[in-house]
Amino acid sequence: AATGKEENFANPVKMRIWGGNQVCSRKELLDESPLINHSEWREYSFRFEPSMKHTYFFLEVFYKTPSLFPYNGNILIDDLGNIFPIPCEEKEIVEEEKNPPIVNITNPVNNGLETREQGFRFTADVANISRKSQLTFFVNGTETEIGFNVAMGSVTANLELEPGPNRLKLSARNKDGQNQESRTVNYIPPSQPVTAKPDFTPRVLTGLKDRSELSEGKKIPLNKMFFMADSSRIEVDNFPILDELFRFMMLNEDISIEVGGHTNNRCQVEFCQMLSEARAKSVVEYLVDKGIPEYRLKYKGYGKSEPIATNNTATGRKRNQRVEVTILKMEG
């Protein structure tokens, strides 16, 4: 059944080219690609130095073993070139194989799990990690001790959950890159009804304080949030504002939002559009990094097309250069 959530089908695979004397024969491995961990088109060249005569080529998608996860991908090949001879003295260009880490949280499997048990066992599988120091585990932003079985590639942690949402994030890094996965677990103490929500009293985003006043389509400005000129970088001064938005999204898991970026008229149309979209995207990326699922967030740049004040004064231009949230969906 469709869930509305995008799934990850990008576990690295490689393409192998075999030679043989009949269909599907794997008589001799002629060459193979590095691990493919991207979705954009890239060109790869292969060099064949067969030790025998072949009449067939066989292409296969190969998972590097041992593999922690079931097969879930393919390689799409386009513009397959001709085979042509090259001088024997030509130096072969060898592309270094990359093996970035892979992280797969197995408990909780889904985001937003609710439990009445304060004790919780976190589990995950990782690949391309050889020592515990390459892993970092955070619970509600605090680094927490984990157990790591190198041979099995398994990570475990026994947790005492706090009432309300608990953010769990496992990060892995090696010389070829880094990866991470996040989950939230909502602990509801037995004395509380299932529908109870922790108190939320925003200091800046007061428009989010009373859920009964929210409805689909309502816009809430992110007051006091500003960017440097021509920049989409989130400044430290903006963290408290975005943390209030994050807290609201954590406590209202049925709500989906759009983050909209706006500018004043002191730039060309194309630049205003690009800048406003980049600013909205940076807000969404901040929330995702904190643990909000991507399927609950959208971003859009409106450029200078929707002013809320005059652009003829400095005060008006400052009001127009804004970020605001629109409620897209409320299911509760």
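Phe137 stands opposite Leu170 in β11, and this pairing belongs to a predicted model. Five bridges join strand β7 (residues 135-139) to strand β11 (residues 164-174), and the two strands run antiparallel. Phe137 is also one of the residues of a second, separate nonpolar core of 21 residues, which includes Ile105, Val126 and Leu159 as well.

**The five-stranded sheet**

- The sheet is open and has mixed pairing, with its five strands in the order β5-β12-β11-β7-β8.
- Its edges are formed by β5 (113-115) and β8 (142-143), each of which pairs on one side only.
- Helix α1 packs on this sheet, where it touches β11 and β12 (177-187), and the direction of α1 makes about 110 degrees with that of β11.

**Strand β16 and its partners**

- Six of the eight residues of β16 are buried, so this strand is largely enclosed by the rest of the structure.
- Strand β13 (residues 219-221) pairs with β16 in the antiparallel sense over three bridges, and within this pairing Lys219 has Thr326 of β16 as its bridge partner.
- β14 also pairs with β16 in the antiparallel sense, here over seven bridges, and the bridge partner of Val259 in β16 is Val325.

**The largest nonpolar core**

- In soluble globular proteins, nonpolar side chains tend to be buried together.
- The largest nonpolar core of this model has 31 residues, and those with the most contacts inside it are Leu208, Leu222, Met225, Leu245, Ile257 and Leu287.
- At least two residues of this core come from each of α1, β14, α2 and β16, while the largest share, eight residues, is supplied by α1.
- Leaving aside neighbours within four places in sequence, Ile257 is in contact with a set of residues that includes Leu245, Met249, Leu287, Leu297, Val325 and Ile327, and also the side of the chain represented by Arg296, Lys298, Thr326 and Leu328.

**Helix α2**

- The buried residues of α2 are Cys272, Leu275, Ser276, Arg279, Ala280, Ser282, Val283, Val284, Tyr286 and Leu287.
- What covers these buried residues includes α1 (239-251), β14 (255-261), β15 (297-301) and β16 (323-330).
- Just after α2, Gly291 takes a positive phi of about 125 degrees.

**Asp254, in the loop between α1 and β14**

- Asp254 is placed in the loop between α1 and β14, and with a relative accessible area of 17% Asp254 counts as buried, because the cut-off for buried is under 20%.
- The side chain of Asp254 makes a polar contact with the side chain of Arg211 at 2.6 Å, and a polar atom of the Asp254 side chain also lies 3.1 Å from the backbone nitrogen of Glu331.

**Ser130, in the loop between β6 and β7**

- Ser130 lies in the loop between β6 (119-127) and β7, and at 49% relative accessibility Ser130 counts as partly exposed.
- Not counting residues up to four places away in sequence, Ser130 touches Phe148 and Val150.
- The C-alpha atoms of Ser130 and Gly153 are separated by 8.4 Å, although these residues are 23 residues apart along the chain.

Conventions. Residues numbered from 1 in each chain as written. Predicted model: local features only at pLDDT ≥ 70, side-chain atom pairs only at ≥ 80, totals over all residues. Heavy atoms only, no water. Buried < 20%, exposed > 50% of the residue type's maximum accessible area, 1.4 Å probe, protein only. Helix = DSSP H or I, 4+ residues; strand = E, 2+ residues; numbered from the N terminus. Contact = heavy atoms within 4.5 Å. Polar contact = N/O pair within 3.5 Å; in protein donor to acceptor, adjacent residues only side chain to side chain. Pairing = 2+ DSSP bridges. Axes fitted to C-alpha atoms, helices over the stretch in contact; angles between N-to-C directions. Core = buried A, V, L, I, M, F, W, Y, C linked by side-chain atoms within 4.5 Å.
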